[in-house]
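Please keep the sequence and the model at hand while reading.

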Amino acid sequence: MQTPHPDDATARPWVEELLLLKAARFEVRRRADELPHLRGGDLEDLAQQAADDALLALLRKLDDFRGESRFTTWAYKFALLEAAVKVRRRAWQGREVPLEDEAWATLAAAGSAGRAAEDAELLAALREEIEALTPRRREVLVAVALNGVPIDVLAQRLGSTRGALYKSLHDARRTLRTALAGRGFEIGEGEESDEAR
């Protein structure tokens, strides 16, 4: 049996049957507050695009399905991911991706009054260590961690992959933890949030 292309009218039942469109609609609506300028038909179009892309991704990964969950559950995740990526990209469409450390003033003002001196010392050390990072690691860390740029948006803008940027981000954070520990600061081993991913 030949697998239909998502642009083909025969593919629409596949998308519906696998719950891809339902999952994509759910995720787009859940994240609709990130797209206040879009309503109704635009959101539906975004969900449809996500479902179509999810179908293509699913077909590419079909051989990876191990049967550890129901197939529809596995397929549903493709649609959720594609919809989330589409919403984040649309939200940042036409916006400048800040790669410089514009967030330092906000970050510095966030500390409590009782810890102001300690926080100021830590922030000064952190800023010095960030400046010592390689340009690529600094660019990725500042954009994602300080300026809140979604990693998939940054990957698209920099012509890179999410995996390559995760590696840069991970290496930058590890380097910073080591450097700050060497200066006597106790830094936790926190992981990146899912939103950064």
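Val144 counts as buried at 6% relative accessibility, where buried means under 20% relative accessible area, exposed means over 50% and partly exposed lies in between (1.4 Å probe, protein chains only). The place of Val144 is in helix H7; helices (H or I, at least four residues) and strands (E, at least two) are DSSP runs, numbered from the N terminus. This is a predicted model, in which local features need pLDDT of at least 70 and side-chain atom pairs count only at pLDDT 80 or more, whereas totals for chains, interfaces and linings use all residues. Residues are numbered from 1 along each chain as its sequence is written, and side-chain values use heavy atoms, with hydrogens and water left out.

**Val144 and the contact of H7 with H8**

- Between the C-alpha atoms of Val144 and Leu154 there are 8.0 Å, and the two residues are 10 apart along the chain.
- Val144 is one of the H7 residues that meet H8, together with Arg136, Glu139, Val140 and Ala143; contact means heavy atoms within 4.5 Å.
- On the H8 side, the partners are Ile151, Leu154 and Leu158.
- H7 and H8 pack with their axes 10 Å apart and at an angle of about 135°. Axes are lines fitted to C-alpha atoms, for helices over the stretch in contact, and angles run from 0 to 180 degrees between N-to-C directions.
- That angle makes H7 oblique to H8: under 35 degrees counts as roughly parallel, over 145 as roughly antiparallel, 65 to 115 as roughly perpendicular and the rest as oblique.
- H7 and H8 form a right-handed crossing; a crossing is right-handed if the near helix is turned clockwise from the far one by less than a right angle, and left-handed if anticlockwise.
- The residues of the contact of H7 with H8 comprise 6 nonpolar, no polar and 2 charged. Here Ala, Val, Leu, Ile, Met, Phe, Trp, Tyr, Cys and Pro count as nonpolar, Asp, Glu, Lys and Arg as charged, and the others, Gly among them, as polar.

- Pro150 sits in the loop between H7 and H8 and is buried, with a relative accessible area of 8%.
- Not counting residues up to four places away in sequence, Pro150 touches Arg88 and Trp92.
- Pro150 and Trp92 are 58 residues apart along the chain, yet their C-alpha atoms are separated by 8.7 Å.
- Arg88 and Trp92 also take part in the contact of H4 with H8, beside Val85 and Arg89 of H4. From H8 come Asp152, Val153, Gln156 and Arg157.
- The axes of H4 and H8 come within 9 Å, crossing at roughly 65°, and this crossing is right-handed.
- By class, the H4 contact with H8 has 3 nonpolar, 1 polar and 4 charged residues.

**Leu165 in H9**

- Leu165 lies in helix H9 and is buried, with a relative accessible area of 0%.
- Not counting residues up to four places away in sequence, Leu165 touches Arg136, Val140, Ile151, Leu154, Ala155, Leu158 and Ser160.
- From Leu165 to Asp152 the C-alpha distance is 8.9 Å, at 13 residues apart in sequence.

**The contact of H2 with H3**

- H2 and H3 pack at an angle of about 130°, their axes being 8 Å apart, and are therefore oblique to each other.
- H2 passes H3 in a right-handed crossing.
- From H2, the contact takes in Leu20, Leu21, Ala24, Arg25, Val28 and Arg29. Among their partners in H3 are Leu43, Leu46, Ala47, Ala50, Ala51, Ala54 and Leu55.

**The nonpolar core and the whole protein**

- In soluble globular proteins, nonpolar side chains tend to be buried together.
- The largest nonpolar core has 46 residues; such a core is a set of buried Ala, Val, Leu, Ile, Met, Phe, Trp, Tyr and Cys residues joined through side-chain atoms within 4.5 Å.
- Leu20, Ala24, Leu35, Ile130, Leu141 and Leu154 have the most contacts inside this core.
- Two or more residues of this core come from each of H2, H3, H4, H6, H7, H8 and H9, and H3 gives the most, with 9 residues.
- The protein has 9 helices and 0 strands.
- Of its 197 residues, 38% count as buried.
- Among contacts in the protein with a separation of 6 or more, 68% join residues 24 or more positions apart.
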